[in-house]
Amino acid sequence: MVKGSRSAPGESKAQLRREMKALLTSLGSQERDHFSRKMAERLLSCPEIEQAQRILTCLSFGAEPDTWRLLETLIDLGKEVYVPRADPRGSQLHVYPYPCELTTLSFGLKQPIPTAREVPPKAIDATLDAALLLGLAFDRRGFRLGYGRGYFDRFLQGRAFPAIGLAFHCQLLDRVPSEVHDLPVALVVTEEEVVRGGLPAGNV
């Protein structure tokens with residue numbers, strides 16, 4: 001796969017997931033760290049984050065863009081940070097104030113323990129001002145290629161707060177396969193640009 005933005009015509013989600021996983025693991029740790037820092041700088045300049053007080057943040061693992069340093073930066077800025085837990089029994093996401101006790105799943109992802117203090121599902125809309133999402137790829141329309149479980153599509157359905165995709169620029173494609181139930185994010189932030197509403201928002 002060629003690094004950088006490209007289209008993916010005719011590719012299945014499964015095929016594209018394999019390619020994007022291979023691309024992510026091909027990046028060196030120093031490269032990922034540098035890109036993650038630049039991505040965070042752009043994100044913190046976005047009005048959606050400047051104006052937000054309570055932010056849901058995915059916890060990165062493996063070769064994903066680093067959100068752990070970003071999480072601590074948000075806290076240092078006086079933001080309230082929340083983290084998700086995926087519940088396979090109901091295929092739903094639950095939301096927890098951070099810091100909280102975490103457990104590590106078999107494939108390396110950390111998430112809150114089920115008994116941690118949780119935001120009641122009916123209070124999520126009133127609690128959160130923004131949600132930061134990771135994924136295997138995003139496209140310039142805002143559509144996200146996740147890991148295939150659909151947790152975030154279900155979670156974001158009908159929400160009032162904006163969802164923001166975080167990605168390395170090599171994960172930003174012109175188009176990823178999308179279906180009727182897939183929901184686009186409001187903007188995608190990479191180390192090189194911010195894409196908002198399908199158009200680059202410039203070097204913010």
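1. How many bridges join strand 7 (residues 137–139) to strand 10, and do these strands run parallel or antiparallel? Strand 7 and strand 10 are joined by 2 bridges and run parallel, with F138 standing opposite L172 in strand 10. Two strands are taken to pair if DSSP finds at least two bridges between them, and the strands (E, at least two residues) and helices (H or I, at least four) are DSSP runs, numbered from the N terminus.

2. A word on the basis of these remarks: this is a predicted model, in which local features need pLDDT of at least 70 and side-chain atom pairs count only at pLDDT 80 or more, while totals for chains, interfaces and linings use all residues. Residues are numbered from 1 along each chain as its sequence is written, and side-chain values use heavy atoms, with hydrogens and water left out.

3. The pairing in point 1 belongs to an open sheet of 3 strands, whose order is 8-7-10 and whose pairing is mixed. Its edges are strand 8 (144–145) and strand 10 (172–173), each of which pairs on one side only.

4. Strand 1 (residues 54–57) runs parallel to strand 2 (residues 80–87), to which 3 bridges join it, and I55 has V81 of strand 2 as its bridge partner. Strand 1 is also joined by 3 bridges to strand 6 (residues 130–133), again in parallel, where the bridge partner of L56 is A131.

5. Strand 1, helix 4 and strand 2 together make a right-handed β-α-β unit; right-handed here means that, with the strands pointing away from the viewer, the path from the first strand over the helix to the second runs clockwise.

6. Helix 4 (residues 68–76) also packs against helix 2 (residues 29–44), at an angle of about 35 degrees and with the axes 10 Å apart; the axes are lines fitted to C-alpha atoms over the stretch in contact, and angles run from 0 to 180 degrees between N-to-C directions. The contact (heavy atoms within 4.5 Å) is made by D33, R37, A40, L43 and L44 of helix 2 and by R69, L70, T73 and L74 of helix 4. These residues divide into 5 nonpolar, 1 polar and 3 charged.

7. Two residues of that contact, D33 and R37, also form a salt bridge with each other, their closest N and O atoms being 3.1 Å apart. Because they are 4 residues apart in helix 2, D33 and R37 are separated by about one helical turn. The structure holds 13 salt bridges (a side-chain nitrogen of Lys or Arg within 4 Å of a carboxyl oxygen of Asp or Glu).

Technical notes. Ala, Val, Leu, Ile, Met, Phe, Trp, Tyr, Cys and Pro count as nonpolar, Asp, Glu, Lys and Arg as charged, and the others, Gly among them, as polar.
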